[in-house]
Amino acid sequence: MSDLHTHAFATRHIGPRGSDRDEMLRRMGAASIDELIDQAIPRSIRLDRPLDLPGPLAEHEFLDHLRGLAAQNRVARTFIGMGYADTITPSVILRNVIENPGWYTPYTPYQAEVAQGRLEALLNYQTAVKDLTGMDVANASLLDEPTAAAEAMTMLRRVQTRRTAAANVFLVSPRVFPQTLEVLASRAEPLGIELRFVEPSEMVFDERVFGVLVQYPDGNGQVEDVRTLIASAHAAGVLVAVATDLLSLTMLTPPGEMGADAVVGNAQRLGVPLGYGGPHAAFFATREAFVRQAPGRIIGISVDANGGVAYRMALQTREQHIRREKATSNICTAQALLANVAGFYCVYHGPGGLLEIAQRVHGLTAALDEALRRAGWEQANTAYFDTIKVVAGKGAGGLQARVRQEAEVAGLNFRYFDDGGIGISLDETSSLDDVRAIVGVFARVTGVAPGSVAGPSTAVRIPEALRRRTPFLTHPVFNTYRSETQMMRYLKTLERKDIGLDTSMIALGSCTMKLNAATEMMPVTWPEFSRLHPFVPVEQAAGYQRIIAELEAALREITGFAAVSLQPNSGAEGELTGLLVIRAYHHARGDFGRDVVLIPSSAHGTNPASAVMAGTKVVVVACDAHGNVDVDDLRQKAEANRERLSALMVTYPSTHGVFEDRIREVCDVVHACGGQVYMDGANMNAQVGLTSPARIGADVCHLNLHKTFAIPHGGGGPGMGPIAVAAHLAPYLPGHPVVPTGGTAAIRAVAGAPWGSASILLISYAYIRMLGAQGLTDATTHAILNANYVKARLEGAFPVLYTRDTGRVAHELIFDLRPLKQASGIDETDVAKRLMDYGFHAPTVSFPVPGTLMVEPTESEPKDELDRFCDAMLAIRREIQDVIDGKADPKDNVLKNAPHTAAAVSASTWSHPYDREQAAYPLPFVQANKFWPSVGRIDNPYGDRHLVCACVPVEAYAAEPVGASEP
């Protein structure tokens with residue numbers, strides 16, 4: 001790769017320069033990058049031709065190209081609703097959060113000491129959801145509303161009071177949104193849950209029923225009192241989940257006050273752009289009694305080593321990478337960035353501002369209702385918040401088709417029901433002019449003018465019994481930051497507490513924390529992309545459709561597969577989708593008994609969790625002494641389950657960071673027994689342009705676009721996990737109930753929107769178009785180069801656990817700290833926390849092997865940053881040696897006390913046997929760009945024993961944790 005082309009994106013994305021590469025190769029004993037790649041990857045699986053992709057575009061060329069595609073999208077005035085609403089993102093949040101690498105480049109806050117800013121922001125979000133829903137506790141967000149509803153269904157089954165296998169029926173109101181009904185069905189069937197779609201007034205709670213889901217307001221917009229339903233269900237031992245709308249709950253009695261056991265929905269309308277379907281933050285709230293069964297991440301409060309308040313992810317032992325096949329959910333991420341936006345929207349507007357927005361939306365909706373009634377139209381909803389359903393009728397005597405024709409001419413999008421009704425939902429962006437335009441459409445159909453619409457109606461179309469009486473968002477954080485100056489400073493205060501890629505390298509193994517380039521990110525907030533509703537007619541999204549088609553084609557070429565679905569909006573959801581596609585394939589062939597999935601012991605924890613959710617039984621395959629799949633054990637277990645074998649789930653290169661030489665033999669063994677091979681795409685960053693899932697013999701894979709293809713991690717989401725499949729699996733790619741997509745024999749939808757989180761597909765599209773075939777391949781080779789360089793520099797100090805026989809690793813590697821722990825008492829956590837004092841986020845700790853650190857530098861890091869990281873690790877090794885040699889106290893040392901805060905270092909007293917300079921400035925480069933952790937080491941067990949998952953005043957927390965629960 002040449003460094004001479006100043007406008008070539010590859011020279012900006014890839015870190016090492018030419019002279020640096022030569023020195024790095026010399027250090028590791030390789031004559032060239034080609035020789036290194038030959039030593040890292042088996043020749044038998046190498047591609048025999050370059051990728052066939054369009055040539056690379058310079059950044060300015062790409063932006064010009066994308067502006068042309070953006071112009072093909074038509075942002076009409078849209079009133080479709082169905083859980084999605086246009087919104088106004090405050091500029092201070094748009095510029096300082098959504099468009100700010102300080103917020104979108106950090107990783108999930110596992111290392112809480114360097115993540116206090118976004119942890120506080122997520123706690124704000126949880127508190128807002130808890131307050132608005134009237135529930136005890138909320139999680140830190142889920143992927144989308146249908147996923148949240150499905151998770152509520154499975155949680156209610158786990159905690160059901162009947163505790164019998166026969167209780168497997170879940171009652172669902174047919175007036176739940178159609179995309180939610182579809183995802184519920186997708187999730188229920190493999191788990192043996194029977195869905196019954198029953199009107200709430202007709203529900204009967206027999207001994208087989210364990211739970212209920214209703215929508216409030218319902219999918220038609222009607223607001224109905226569900227208290228009687230919930231009381232009747234509870235009397236029969238049945239639990240109830242309610243899907244709802246957060247803005248409406250500023251005016252409506254919250255479900256928690258009605259007795260709901262779980263409350264779910266989409267927080268999108270709280271300042272998060274539509275984005276043609278996402279990404280958005282779904283919310284999930286429940287009772288405190290169920291908190292340990294709740295899905296997803298929950299932020300809680302604990303204390304640090306200095307006795308101060310500190311935030312952390314609570315109850316992490318629930319997570320699937322620990323529980324594996326015993327996991328109750330495969331949720332591996334949140335939608336952290338979008339949850340933060342929604343939380344900040346609540347901070348910015350406060351309770352009064354939210355109520356003002358809600359009242360205006362409701363007033364305009366009532367004014368529209370009144371005007372249409374004056375013009376002779378019947379409206380079905382007797383009580384509503386923001387949605388009316390006009391009775392128009394279909395067929396020869398109906399007017400729905402004529403209204404639709406007039407609306408399309410006027411550039412207005414409505415929802416059209418099968419029964420001839422017309423749904424119209426207003427939102428924060430709706431205006432009086434919009435109301436008049438809507439009324440004009442209906443007037444032109446009948447020729448009856450309703451008279452003028454002077455302003456929002458003062459009538460409240462919510463029954464007295466359903467009007468909210470209780471306060472919400474009472475915490476000071478929601479009542480303080482009213483000026484933009486205050487808000488900006490608050491956002492910056494939080495941002496400065498965290499380490500993102502804007503601070504330093506984040507060498508997390510299995511996470512691929514590469515550059516998220518500004519040019520890739522910019523178009524996401526362009527209104528032509530950000531303001532499209534996911535259910536607009538596809539011709540209004542022609543630009544999106546071309547991007548989707550080109551991205552799918554590129555991913556087919558990169559994977560070697562025949563077809564792609566972009567619907568799954570996380571890696572774990574991609575895993576589940578791939579397994580459901582395999583399941584459908586087997587069933588179509590009459591193989592209904594194939595219900596066993598083989599999974600290597602080294603696999604990521606979401607693999608067994610996803611397999612269980614797909615209705616299969618997990619059989620674990622051993623790894624040999626070199627960390628590779630034990631082929632003999634695999635063969636024995638495949639043969640033992642020959643008639644039941646559904647699939648093998650395998651990560652390649654392995655989770656141990658090695659290209660296994662026998663991978664094709666592994667795939668052949670599974671195929672010979674009638675199974676399919678699912679390749680986990682977590683490590684695809686080591687494959688692109690050099691090998692492919694199809695080349696190794698796989699049948700399906702998912703791709704983490706938030707790893708390999710440059711979508712940022714957002715502090716714990718968003719992500720995208722599309723799947724690519726061989727031709728024989730293509731017919732089963734997921735469909736959608738609203739916008740047709742998927743294969744000819746499509747499985748049910750797995751996400752709420754047809755193309756998942758469509759707006760961030762722009763990022764991966766940009767990444768591929770700007771790098772081109774050679775740039776993508778160069779990115780892969782440099783990822784492998786950087787990992788092997790780190791190995792060369794550090795293997796003398798920290799043993800490398802696994803390599804190929806050539807001594808090479810792939811794009812990541814595992815350092816074994818267990819011998820050092822035996823000798824010194826210093827463990828991997830101590831090293832992780834000490835790295836913070838050097839200004840670095842820790843590598844992956846104790847995964848996939850306990851007592852280790854897994855490092856993945858990615859191709860984006862330049863040599864000087866790699867050297868700083870290696871210098872820090874070598875300095876830490878010397879600090880460990882001081883403990884071993886007795887020069888440092890075994891308990892009171894720089895590692896056990898790390899990280900060191902500015903307050904601790906500058907305190908008037910200093911009792912440690914090492915000096916302050918060693919604590920804070922252990923190497924010269926640290927002084928030039930010091931990052932101060934805002935808290936000391938956090939006490940995790942204390943936080944789980946005293947569970948606090950919402951904002952409380954510090955003085956109250958110091959006295960007694962509010963809402964504390966016993967373990």
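Helices (H or I, at least four residues) and strands (E, at least two) are DSSP runs, numbered from the N terminus. The structure is a predicted model, in which local features need pLDDT of at least 70 and side-chain atom pairs count only at pLDDT 80 or more, while totals for chains, interfaces and linings use all residues. Residues are numbered from 1 along each chain as its sequence is written, and side-chain values use heavy atoms, with hydrogens and water left out.

We begin with backbone geometry. Most residues other than glycine have a negative phi, and most peptide bonds are trans. Pro-653, which sits in the loop between β19 and α23 (663-672), is joined to Tyr-652 by a cis peptide bond with omega near -10°. A cis bond also links Ala-898 to Pro-899, with omega near -5°, and Pro-899 belongs to the loop between α28 (863-884) and α29 (902-905). Met-82, in the loop between β1 (77-78) and α5, has a phi near 60°, a positive value in a residue other than glycine.

Two packed helices are described by the angle between their axes and the distance between the axes; here axes are lines fitted to C-alpha atoms, for helices over the stretch in contact, and angles run from 0 to 180 degrees between N-to-C directions. Helix α5 (residues 91-98) and helix α16 (residues 484-495) have axes that come within 10 Å and cross at roughly 20°. The two helices are therefore roughly parallel to each other, since angles under 35 degrees count as roughly parallel, over 145 as roughly antiparallel, 65 to 115 as roughly perpendicular and the rest as oblique. Their contact (heavy atoms within 4.5 Å) is made by Val-92, Ile-93, Asn-96 and Val-97 of α5 and by Glu-484, Met-487, Met-488, Leu-491, Lys-492 and Glu-495 of α16. By class, this contact has six nonpolar, one polar and three charged residues, where Ala, Val, Leu, Ile, Met, Phe, Trp, Tyr, Cys and Pro count as nonpolar, Asp, Glu, Lys and Arg as charged, and the others, Gly among them, as polar.

Helix α4 (residues 59-70) and helix α25 (residues 761-794) pack at an angle of about 130°, with their axes 10 Å apart, and α4 and α25 are therefore oblique to each other. Glu-59, Phe-62, His-65, Leu-66 and Leu-69 of α4 meet Tyr-765, Ala-766, Arg-769 and Met-770 of α25.

On a 1 Å grid over the protein atoms alone, a cavity is a set of points where a 1.4 Å probe fits but cannot get out, and a pocket is an open set with protein on both sides within 12 Å along at least five of seven lines; lining residues have an atom within 4 Å of a point. Grid points are joined across faces, edges and corners, and a volume is the space filled by probe spheres set on the points. The count comes to six cavities of 30 Å³ or more. The largest cavity holds about 110 Å³ of space and is lined by 21 residues, of which Tyr-84, Asp-144, Glu-145, Gly-277 and His-280 lie nearest its centre. The second largest cavity has a volume of about 60 Å³, and strand β19 (residues 645-651) gives the largest share of its lining, three residues.
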